Amino acid sequence: LRASRGNIVPFVKGLASSFESSADVRRVAVNIHADRNEIEVYFDKDKMEKILTNLLSNAFKFTPEGGEVRVQISNPKSQITNHVEITIADTGIGIPADELSRVFDRFYQVDSSQTREHEGSGIGLALTKELVELHHGSIIVKSEVGRGLDSSRKGTEFTVMLPLGREHLKDEEVIVTEEGETQEKSRPSVGSIPAAA
């Protein structure tokens with residue numbers, strides 16, 4: 001992990017917005033909402049882009065014409081933990097309940113004629129989960145065939161939860177940017193930081 005402090009809200013919005021033109025062609029609505037304009041998080045931009053691109057690609061891939069993809073960025077406060085939640089939900093074909101526990105297994109494919117149309121390697125969600133956990137975060141999925149963003153539609157919802165602050169990170173997982181984002185734990189320079197094993 002090579003994390004630096006940054007505002008994750010425009011980062012997520014920018015990636016989600018990049019799907020809008022292709023969504024327009026397929027008549028899929030894109031709704032992006034954030035509780036706040038600024039939520040500071042330590043994250044690895046390259047790895048976070050892979051996480052979100054994979055989840056967004058799947059959401060659009062499995063959402064039929066006239067459907068909807070919703071991206072929600074929130075910062076719920078609780079007594080147990082302080083984290084940011086990034087939720088990507090769609091009105092797609094849905095995943096049967098008995099398949100949900102295996103969607104993050106490497107090379108696993110939901111066995112249905114509908115999903116076989118969009119078949120891939122099956123490594124996407126497994127890698128996504130690994131990259132989220134590398135951030136000391138977690139990812140959960142909810143889905144119901146025949147039920148989605150509203151009570152009458154099918155759909156799937158992935159939520160990525162990332163901890164705030166930097167106490168959970170090791171020194172070697174944090175890089176110094178040109179803006180000196182990590183100045184509370186100063187480092188000599190980016191080039192002197194050894195690559196994580």
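I read along the sequence and got the pattern β-α-α-β-β-α-β-β-α-α-β-β. That comes to five helices and seven strands, taken as DSSP runs numbered from the N terminus (helices H or I with at least four residues, strands E with at least two).

This is a predicted model, where local features need pLDDT of at least 70, side-chain atom pairs count only at pLDDT 80 or more, and totals for chains, interfaces and linings use all residues. Residues are numbered from 1 along each chain as its sequence is written, and side-chain values use heavy atoms, with hydrogens and water left out.

Next I looked up the sheet. It is open, with five strands in the order β2-β4-β5-β7-β6 and mixed pairing; two strands pair if DSSP finds at least two bridges between them. β2 (29-34) and β6 (138-144) are the edges, each with a single partner strand, so one side of each has no neighbour in the sheet. On average, neighbouring strands are turned by 10° against each other, direction ignored.

I then checked β4 (residues 68-74) and β5 (residues 83-90): they run antiparallel, joined by six bridges. Val 71 sits opposite Ile 88 in β5.

Which strands does helix α3 lie across? Helix α3 (residues 45-61) lies across β2, β4, β5, β6 and β7 (155-163), at about 25° to β5. Angles run from 0 to 180 degrees between N-to-C directions, with axes fitted to C-alpha atoms, for helices over the stretch in contact. Helix α5 (residues 124-134) lies across β6 and β7, at about 140° to β6.

Last, I looked at contacts (heavy atoms within 4.5 Å). Among those between residues at least 6 apart in sequence, 68% join residues at least 24 apart.
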